[in-house]
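Work through the exercises below with the structure open beside the text. Each task is followed by a solution in steps.

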Amino acid sequence: MDARFGWGLRLGFLLPVVVGFLLGAVPGVRDLPLYALLLLSSLVLMSGMGCWRVLSSVLHYMLPRKRAAGEEVPDAAVGGSLLKKQRVDWSVASSSEGLKDSHHRKPSAMDRERNGSSPPEIDEDLHSRQLAVYGRETMRRLFASNVLISGMNGLGAEIAKNLVLAGVKSVTLHDDGAVDMWDLSSNFFFSEDDVGKNRALACVQKLQELNNTVIISTHTTKLSKEDLSFFQAVVFTEITLEKAIEFDDYCHNHQPPISFIKSEVRGLFGSVFVDFGPEFTVADVDGEEPHTGIIASISNDSPALVTCVDDERLEFQDNDLVVFSEVEGMIELNDGKPRKVKNSRPYSFYLEEDTTNFGSYVKGGIVTQVKQPKVLKFKPLKDALRDPGDFLLSDFSKFDHPQVLHLAFQALDRFRCNYGRFPVAGCEDDAKKLIDHFSIINESMGDSRTENVDDKLLRHFASGSRAILNPMAAMFGGIVGQEVVKACSGKFHPIFQFFYFDSVESLPTEVLEAKDLTPLNSCYDAQISVFGSKLQKKLEEAKVFIVGSGALGCEFLKNLALMGVSCCHQGKITITDDDVIEKSNLSRQFLFRDWNIGQAKSTVAASAACVINPNLHIEALQNRASPETENVFNDSFWESLDVVINALDNINARMYMDQRCVYFQKPLLESGTLGPKCNTQMVIPHLTENYGASRDPPEKQAPMCTVHSFPHNIDHCLTWARSEFEGMLEKTPSEVNKFLSNPHEYAAAMKSAGDAQARDMLERVIECLDKERCETFEDCIAWARMKFEDYFSNRVKQLTFTFPEDSMTSTGAPFWSAPKRFPRPLQFTASDPSHLHFLMAASILRAETFGIPVPDWAKNPTKLIVAGDRVLVPDFQPKEGVKIVTDEKATSVSAASIDDAAVINDLIVKLEECSKKLPPGFRMKPIQFEKDDDTNYHMDFIAGLANMRARNYSIPEVDKLKAKFIAGRIIPAIATSTALATGLVCLELYKVLAGGHKMEDYKNTFANLALPLFTISEPAPPKVVEHQDMRWTVWDRWVIKENLTLRELMNWLRDKGLDAYSISCGTSLLYNSMFPKHKERLDKKVVDLAKEVAKAEIPPYRRHLDVVVACEDDDGNDIDIPLISIYFR
């Protein structure tokens, strides 16, 4: 510490303290703004004396924070042994003084209990997608976890990014090395200005921007093993094997154990080693919801046969434990005792239980899987090296690679220890030295030694070992980041214990000479040392189209910027996304900051990517890629592209992009995530099948009658609640406004429709403007109270009147048999908080639609009760002859009637009468559902509707967050699986841009980080159609460069042995042999027919017309032929 720093620190702190003490003794002086002045003067003095690090620390603590630095999450009540005792709160200021000088004692659990401190609240707006994966308990454990990351190379940076986004309590970055040019192609926090600076210090500021609730500190000197005791998990990315064994041994034997992870990325090779201690409990091995079944029958037998309704297939496995509830008759099973499943089948299973003397089963019952914790016994690194056990496999075509790489990484460690450097890229002598080390280690393994080792694999390993490639860092950053989350929470199954991966097939197909791998003193030197300068040039000149700028899009942009893709004037990235940034994006879409909320995603992401690499040539657009924007993404745009990268979140958009890529024969790199799962698919022209060639079956939808009258799970209740919300608060007000804007046109449209749906809509509009019209907030409360009565009492009374509990079907079976649940009406009670909250949310939203100001007392329960008590609720009398839809195939609950047209005419007259009573210019304000704003009462209303309905049917209720996931159709998402997916895709991008790779070189992947599971395989080839001596696939398009008539086109096909019987353009039929009049069109130009019949508008930039032709061969067999493009100009 130099003199300036020491005196600045002393004066900066002592001046306000001493003077403040003296002034504090004078009455009234505390009210003066002098304290603020003294603080400001001290900060100025400190900065002037060179105390920038202390000043930055002070300012950091002055920033508004979601979670105070000293706050802590108590150990979980369940599985608390998974968590280590919280010991230390780290200094936020970057420090090189050593760990022992940068912490203070944290309060113990007993201290917290005495102080009455509570866990920090989870920001559900920010973390909603992550909460959908982890749940609150895991999030709280993360919030209590301190993590060390040693080695801030590209891999360390990726791990740190993922953990800071996840929201761990603190991350300490350790590195005693300096930034060099090789770091710039893998660590996105670094710029050329950082070269020569400490790597940990250079990361802090940008890392902190990702999440200011995470305490980020640095350590820039040598670590001792005792320093590790302050952490729940430690990660090493740059460490010798000797030191790793020492540190792991300390962590393994520490009480409680410290989770130890060692990971390396060496060129196109990567490794992970995990040791979570002698006994580690996994609370939830897969993160899936417990499986359930609805019981249809249970036998009095040993073992007992349990049969479930065939509503959905059972997902139970043999030896699963299950519990029973709501069973009538055989009530002995309702004791909550877990019982073992045997001989599980799609709709039945045997129970390892003798039910002979139990009561006879009558009806009802739910069977639910009981998830069991799993205890894992890890071996320390020194033992696991000699006896690694089973490796986690990813690619079965490389079955022997993990064993080879297990020894190769040890050989590299010896090489570095002996020579103090990495092998030189392309140096055969260095490769031989590494192979010699490998052979010595292999021989020392005795009977476990590896036979028939591929020296070529080891040469690739040696040549690229110094390089840390961004795609590999992204991939392993996702994997290791998830392992840290597992260590801190017990959520998901850890890697046990080694994982090795390589992507040697990403190398160019031509042999690389040593001169091709020579560094150029550029930020791409690491990449050049693996792939050569020729491929680097291709990357820089690539023209890439990225569709989507969300979580995947941000990761792709970061990766491509670091790889140097489109980083010269010949190259260009075009990225498009029509969405804007929301708060919930910030926990995954790391290029965005909270000050970007409301801005265009693509624009902000492009600007952030240019900061990572200022040479990036990129254009950001806000257009949705769709048929409507083909004037923007026109033929010349598509023809200029080298590759398309999808970063989308819906099937329809993916299908459209797939069609365009097939049409223009462009490679498409596809990926997607769902919680901890991800998949990648390579769509390569003429080599692989296209994305649309195989599709997942559509999700099973609940029948309309089930949702509206016979729900049996909370999903049904929430689907109904979302539908009611949109009907009452969006659709009906919109219809009101549509009518008021043009009454005559609206009436004509309703008469023209003349169906049950039009009748129902008119009835709702009239009801809204007549007896349910609100003019004051008290009217809104009355409306809400009456809605409660209608939904949860009257409708249930009518349903049970129409179908009493003892009703029988036409076949003589009980009507109310599983899965139907007999409902009970609710009695409104002001003392029930859920009833009152429903009343409040409903009345506030109703007031919003009518533009009625919401008074302050609306949220006061006492005053709300008083207002609600004033509402006169009439007695309900069930009606005879009411028809309630029970047909599961029905698509609407509106019953058609022969006199719908007459009723509609009467309703229109009533509606016109109602409109005369409205004030001039009256309009309603439709409410569009917005799930991510917790202050708008949308989810309060929907959760209230669903839970009251669930209460009617004795269905377990859910909290607002779970309701938000289901009703809001939130896709679970976490940063780790996104990073993994994009890293894998970018490994494929090397192959696409290099060219010359065979189909077997490309890889599709499905991964589940929760299990963990990695399944890497070759893509499927496209389906081949053969006719005579011709062969074609979906990738082929027949091009005719002549302005043909219809007859000439048919003759052209006849010459190929094909008889055309139908020709269409778009959705219009130009010719069909079944229609005699179509023969009159034979001598017309195809393009003229398209304009005349199909009303095709061909833009000036397009020189061709596409037609679809249905053909048959000489034997009358249908033949699928390619799309035909007729170039008419």
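**Exercise 1. Cis peptide bonds**

Task: In which loop is Pro1012 found, and what is the omega of the peptide bond from Leu1011 to Pro1012?

Solution. Step 1: Pro1012 lies in the loop between β24 (1004-1008) and β25 (1013-1017). Step 2: In this predicted model, the bond from Leu1011 to Pro1012 has an omega near -15° and is cis. Step 3: Most peptide bonds are trans. Step 4: A further cis bond joins Phe496 and Gln497, with omega about -5°. Gln497 belongs to the loop between α13 (470-489) and β17 (498-502).

**Exercise 2. Positive phi**

Task: Locate Ser954 and Gln1028, and state for each whether the residue is buried, partly exposed or exposed.

Solution. Step 1: Ser954 is in the loop between α28 (938-952) and α29 (960-967). Its phi is positive, about 55°, although Ser954 is not a glycine. Step 2: Gln1028 is in the loop between β26 (1025-1027) and β27 (1030-1032), and phi of Gln1028 is near 50°, again a positive value in a residue other than glycine. Step 3: Most residues other than glycine have a negative phi. Step 4: Exposed means over 50% relative accessible area, and buried means under 20%. Ser954 has 45% relative accessibility, so it counts as partly exposed. Gln1028 has a relative accessible area of 57%, so it is exposed.

**Exercise 3. The open sheet**

Task: In what order do the strands of the open sheet of 8 strands run, and which strands stand at the edges?

Solution. Step 1: The order is β20-β19-β18-β21-β22-β23-β24-β25, and the pairing is mixed. Step 2: The edges are β20 (618-621) and β25; each has a single partner strand, so one side of each lacks a neighbour in the sheet. Step 3: On average, neighbouring strands of this sheet are turned by 10° against each other, direction ignored. Step 4: For an antiparallel pair, take β22 (residues 668-674) and β23 (residues 677-683), which are joined over 7 bridges. Ser671 has Thr680 in β23 as its bridge partner. Step 5: Helix α17 (residues 601-612) packs on the sheet and touches β19 and β20, and the direction of α17 makes about 160° with that of β20.

**Exercise 4. Strand β18 and its neighbours**

Task: With which strands does β18 pair in the parallel sense, and why is β18 described as largely enclosed?

Solution. Step 1: β18 pairs with β19 (residues 572-576) in the parallel sense over 5 bridges. Within this pair, Phe545 stands opposite Thr574. Step 2: β18 also pairs with β21 (residues 643-646), in the parallel sense over 4 bridges; here Val547 stands opposite Asn646. Step 3: Together with helix α16 (residues 551-563), β18 and β19 make a right-handed β-α-β unit. Step 4: Of the 5 residues of β18 (residues 543-547), 4 are buried, so the strand is largely enclosed by the rest of the structure.

**Exercise 5. The closed barrel**

Task: How many strands does the closed barrel have, and what is the sense of their pairing?

Solution. Step 1: The barrel has 6 strands, running β10-β11-β14-β13-β12-β15, and the pairing is antiparallel. Step 2: Here neighbouring strands are turned by 45° against each other on average, direction ignored. Step 3: One of the pairs is β12 (residues 321-325) with β15 (residues 366-370), over 5 bridges. In that pair, Phe324 has Val367 of β15 as its bridge partner.

**Exercise 6. Two packed helices**

Task: Describe how α21 and α25 are placed relative to each other, and which residues make the contact.

Solution. Step 1: Two packed helices are described by the angle between their axes and the distance between the axes. Step 2: The axes of α21 (residues 714-741) and α25 (residues 833-849) cross at roughly 10° and come within 11 Å. Step 3: Angles under 35 degrees count as roughly parallel, so α21 is roughly parallel to α25. Step 4: α21 contributes Phe725, Met728, Leu729 and Pro733 to the contact, while α25 contributes Leu845, Arg846 and Thr849. Step 5: Sorted by class, the contact has 5 nonpolar, 1 polar and 1 charged residues.

Methods: Residues numbered from 1 in each chain as written. Predicted model: local features only at pLDDT ≥ 70, side-chain atom pairs only at ≥ 80, totals over all residues. Heavy atoms only, no water. Axes fitted to C-alpha atoms, helices over the stretch in contact; angles between N-to-C directions. Parallel < 35°, antiparallel > 145°, perpendicular 65-115°, else oblique. Contact = heavy atoms within 4.5 Å. Nonpolar A, V, L, I, M, F, W, Y, C, P; charged D, E, K, R; others polar. Buried < 20%, exposed > 50% of the residue type's maximum accessible area, 1.4 Å probe, protein only. Pairing = 2+ DSSP bridges. Right-handed = clockwise from strand over helix to strand, strands pointing away.
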